[in-house]
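Dear colleague,

A summary of the findings follows it.

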Amino acid sequence: MRVGVVTFPGSLDDGDAQRAVRLTGGEPVPLWHASDSLGEVDAVVLPGGFSYGDYLRGGAIARFAPIMGDVIRRAGDGLPVLGICNGFQILCEAHLLPGALIRNEGRTFVCKDQILRVESADTVWSNAFTAGDEIVVALKHGEGNYVAEPDEIERLEEEQRIVFRYVGNPNGSTHDIAGVTNERGNVVGLMPHPEHSVDPLVSASLDGRGFFASLEAFLARAL
Amino acid sequence: MTTIATTDTVERALQTPEQTQPWAELGLKEDEYARIRQILDRRPTSCELAMYSVMWSEHCSYKSSKIHLKRFSELESVTESGPLLAGIGDNAGVIDIGDGWAVTFKIESHNHPSYVEPYQGAATGVGGIVRDILAMGARPIGVMDSLRFGPLDAPDTARVAPGVVAGVGGYGNCLGLPNIGGEVVFDACYAGNPLVNALCVGVLRHEHLHLAHATGVGNQVILYGARTGGDGIGGASILASETFTDGGPTKRPAVQVGDPFMEKLLIECTLELFQAGVVSALQDFGAAGLSCATSELASAGDGGMHVDLDAVPLRDSSLRPEEILMSESQERMMAIVRPEDVERFMEICAKWDVLATTVGEVTDGDRLVIDWHGERVVDVDPKTVAHDGPTYDRPIARPGWIDTLQADGADHLVRPESGEELAAAVLALAGSPNLCDTSWVTNQYDRFVLGNTVLAQPQDSGMLRIDEQTRTGIALAVDGNSRYTYLDPARGAQIALVEAYRNVCVTGARPQAITDCLNFGSPEDPEIMWQFTEAIDGLIEGCRALGTPVTGGNVSFYNKTGEQAIQPTPVIGMLGLIDDVANRVPGGFTTAGDIIYLLGETSAEFDGSRWAEVAHGHLGGRPPAVDFDHHRRLAAFFDEAARAHLLSSAHDLSDGGLAIALVEECLRRHLGAEIALPGDAFTALFSESTGRVLVSAAPEQAEVIAEAAARHGLPLTVLGHVLELPALTVVDQFTLSLDDLHDAWAAPLPEALGAHV
């Protein structure tokens with residue numbers, strides 16, 4: 001399982017995403033934003049951070065990084081893509097996922113261990129969970145308030161593309177949405193950080209491992 | 001100064017010796033200006049005057065503190081792993097931690113800028129200390145912040161505190177450094193002068209240790225990072241040496257503006273430069289910008305330096321050479337690079353989109369010369385700028401009021417007696433600004449990033465894993481106690497020292513060394529100098545007794561509002577080592593049925609306590625006693641107990657005594673406790689005797705714990721046990737529900753500050 005992790009200038013959790021891949025049995029493949037190809041990978045993670053400083057809008061500039069061309073192309077072919085925090089923002093900016101992330105309702109950065117409810121186990125990145133499961137995943141962001149047009153939200157609800165919901169909304173997200181998927185279920189974006197919830201010495205839970213177990217199960221089936 | 005149209009060259013200075021110069025406006029004293037003329041044997045050019053004025057400011061030259069700080073060198077500069085690899089005088093102290101690893105850490109103040117512009121002042125304070133650590137050749141791996149504001153209910157606190165917290169978070173979060181702890185204190189003495197002390201810790205391989213020495217004739221001087229702009233011009237001398245008076249003109253432009261994204265690139269770029277082996281010497285840009293970087297690099301080396309100011313990339317092309325030399329634009333570094341390495345150096349900078357420009361070279365001789373538009377504007381011996389600044393042996397006078405203050409102890413204060421009164425006092429303390437829940441602050445900081453944070457706030461110390469394979473780690477705590485230091489500066493500084501020591505050792509780490517940030521009033525006031533020198537005496541005695549050398553730090557003077565100085569506030573950052581972070585001892589009761597113990601002895605010590613503050617608004621008397629030998633035995637006990645996994649939890653007793661320690665331990669995981677107090681209930685609950693720790697452990701460990709405590713000569717008292725039932729019961733006195741305690745404890749900060757973000 002070769003999982004690419006893209007480093008943009010200002011990416012912060014790229015090393016953690018690589019470690020999470022390693023701790024869950026995969027082979028992390030560091031990828032550079034200026035490259036125009038993902039190369040030989042089975043999946044790709046867009047990690048958290050403040051790409052290009054995010055002074056304009058989270059992910060607004062990273063979306064135009066050279067490597068994003070291949071990310072968009074191969075996501076269209078079904079490559080598993082996980083966007084975490086800033087990665088989620090980038091996926092929204094790139095229109096691989098609907099909606100946008102605006103400033104937290106409370107106007108401050110929030111860092112905590114967050115309870116999430118798994119709403120859909122029908123994606124590449126969540127199939128190791130069961131819908132209704134409550135999991136604990138690290139969360140840290142200033143702009144994680146998920147918004148979308150009302151009809152878009154309706155469609156997400158109807159198509160069961162809301163993958164995770166907050167139990168105790170930390171940022172004002174519409175319908176408590178923490179993470180969503182595309183129609184095909186191979187692209188998932190969420191604000192919380194599964195890569196920070198894989199190591200017993202530094203995490204309140206190991207629930208982040210489920211994301212990578214899901215990927216592994218999906219890839220095993222696909223073979 | 002900026003109105004000078006023609007360039008003031010060395011030649012012109014020689015021709016116009018009598019030209020009047022704005023030395024006073026730049027913060028120089030008359031005799032200091034005369035000394036500059038004497039050194040140069042002519043009047044300085046305006047550029048030279050700018051350099052001397054910033055480098056000879058209190059902030060950069062430590063002119064009032066230098067002779068006293070020297071005494072820290074009396075301490076043996078070794079830790080358990082051997083001699084310090086770098087210490088006082090370098091950018092930051094470096095400690096060998098074995099296996100080829102070293103750790104560097106330092107704390108620094110950014111008090112005055114944070115009052116003027118809370119967000120940017122605090123943000124650039126974090127940025128500055130991070131660059132200090134980077135300049136040692138280390139990867140920064142964590143930050144901590146020690147914050148002090150005016151009263152929580154003061155209107156200006158609602159302006160300053162949220163801005164400072166957002167600034168610390170905004171910068172550190174964007175940089176990708178976990179914030180692993182710190183303190184937040186509210187006291188009227190900081191109303192017009194908040195304290196923002198930031199600590200950074202970094203890790204490096206021995207072979208990457210870099211010191212700032214410009215050597216090798218022909219080596220290139222490369223400026224890289226952000227362009228130079230007009231921000232922070234004269235910040236060092238003007239901001240750090242003056243106090244704020246109402247109604248004065250705004251000094252906003254003198255505060256720097258931070259760009260954490262650029263700093264993140266600077267970190268990654270610099271570390272790659274080190275890896276590639278293309279850096280001979282490195283200096284960060286702190287206060288005094290180019291003046292500091294060039295003069296310090298040149299004076300620490302064995303040659304001179306030539307710099308062409310025209311080559312410095314500018315954000316504002318109208319800047320005068322004096323301003324370019326004084327600018328405190330952030331996110332800049334200066335490297336000395338061998339000619340054959342320049343190409344590779346530039347490639348790496350280009351990879352990270354970091355602007356890098358050759359601005360000069362190391363020369364023969366011992367002069368620092370700087371040209372502008374082809375004319376010589378600076379020609380100095382760099383040592384006279386960087387190191388030969390004035391030193392003052394300021395007058396020292398023990399204040400007449402100290403005896404009166406120390407005679408006014410807390411004995412006459414009315415104490416709670418009944419169980420009901422004691423319960424009310426516990427609730428009042430738990431809900432007071434300095435003992436309440438600080439998560440409103442700490443939840444604005446990323447503590448997860450980099451994936452090595454084993455412990456963070458609200459734990460007694462922050463703990464970071466250094467090596468994933470061996471699981472070796474470090475622990476860090478920062479502590480200060482201005483109330484005790486006001487009552488007795490030497491003792492107060494020692495109380496801060498042993499509190500930091502305890503905070504590190506109760507987590508299972510072995511305390512090694514300290515960094516200190518000494519925040520005081522005006523050194524021109526003999527009574528302040530008395531406080532300062534007393535505090536240093538106290539720290540030297542304490543550090544010697546504890547075996548923890550001072551590795552470096554920072555002095556911040558002129559902390560006052562009008563004529564009212566802050567209470568003296570030495571803040572101590574203590575570093576500890578732990579062989580295996582899996583052995584860490586967390587805070588907070590973990591398991592119902594565990595036995596609760598108190599280690600250490602409680603005497604009736606209430607002077608300067610939080611109880612005296614909260615219940616009576618009283619500050620007087622003498623601070624509690626400190627026993628260093630007892631602390632060393634505590635550390636030995638916890639080292640052993642942590643390795644043997646004897647304890648479920650441990651929590652140091654400090655502000656608020658046992659009462660607050662119990663509240664915090666219960667609230668962490670919402671587990672209750674039933675406690676039987678030995679002796680007088682009020683004393684047991686609210687005394688702030690030092691050297692005490694609350695621990696909990698499984699009943700089957702009881703014998704081993706008792707044996708170990710006895711062997712280490714530590715008084716051990718069984719207090720009670722942990723309960724599933726969410727209530728804190730003190731037998732024969734009161735029961736408080738954890739919900740009520742939590743409501744009181746969690747409310748103050750969000751209520752006072754939440755609406756002001």
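This is a predicted model: local features need pLDDT of at least 70, side-chain atom pairs count only at pLDDT 80 or more; totals for chains, interfaces and linings use all residues.

Residues are numbered from 1 along each chain as its sequence is written, chains are lettered from A and ligands numbered from 1 in the order in which they are written, and side-chain values use heavy atoms, with hydrogens and water left out.

**The interface**

In chain A, 29 residues are in contact with 32 residues of chain B (contact means heavy atoms within 4.5 Å). About 2500 Å² is buried between the two chains, and carbon and sulfur atoms give 59% of that area (buried area is the accessible area, with a 1.4 Å probe, that two parts lose on being put together, summed over both). A:L12, A:C111 and A:L201 supply 26% of the area that chain A buries against chain B, more than any other three residues.

There are 4 salt bridges between chain A and chain B (a side-chain nitrogen of Lys or Arg within 4 Å of a carboxyl oxygen of Asp or Glu). A salt bridge joins the side chains of A:R19 and B:E468, at 3.1 Å from N to O.

**Two helices of chain B**

Helices here are DSSP runs of H or I with at least four residues, numbered from the N terminus. Helix 10 (residues 260-276) of chain B has 17 residues and reaches 24 Å from its first C-alpha to its last, close to the 24 Å expected at 1.5 Å a residue (the expected span is 1.5 Å times one less than the number of residues). Because 14 of its 17 residues are buried, helix 10 of chain B is largely enclosed by the rest of the structure (buried means under 20% relative accessible area, with a 1.4 Å probe and protein chains only). Just after this helix, B:G277 takes a positive phi of about 70°.

Helix 7 of chain B is mostly covered, with 17 of its 18 residues buried. B:G137 follows helix 7 of chain B and has a positive phi, near 95°.

**A buried aspartate**

B:D8 lies in the segment before helix 1 (10-15) of chain B. B:D8 counts as buried because its relative accessibility is 2%. Leaving aside neighbours within four places in sequence, the residues in contact with B:D8 include B:Q21, B:R43, B:S46 and B:V377.

With kind regards

Methods. Buried means under 20% relative accessible area, exposed over 50%, partly exposed in between (1.4 Å probe, protein chains only).
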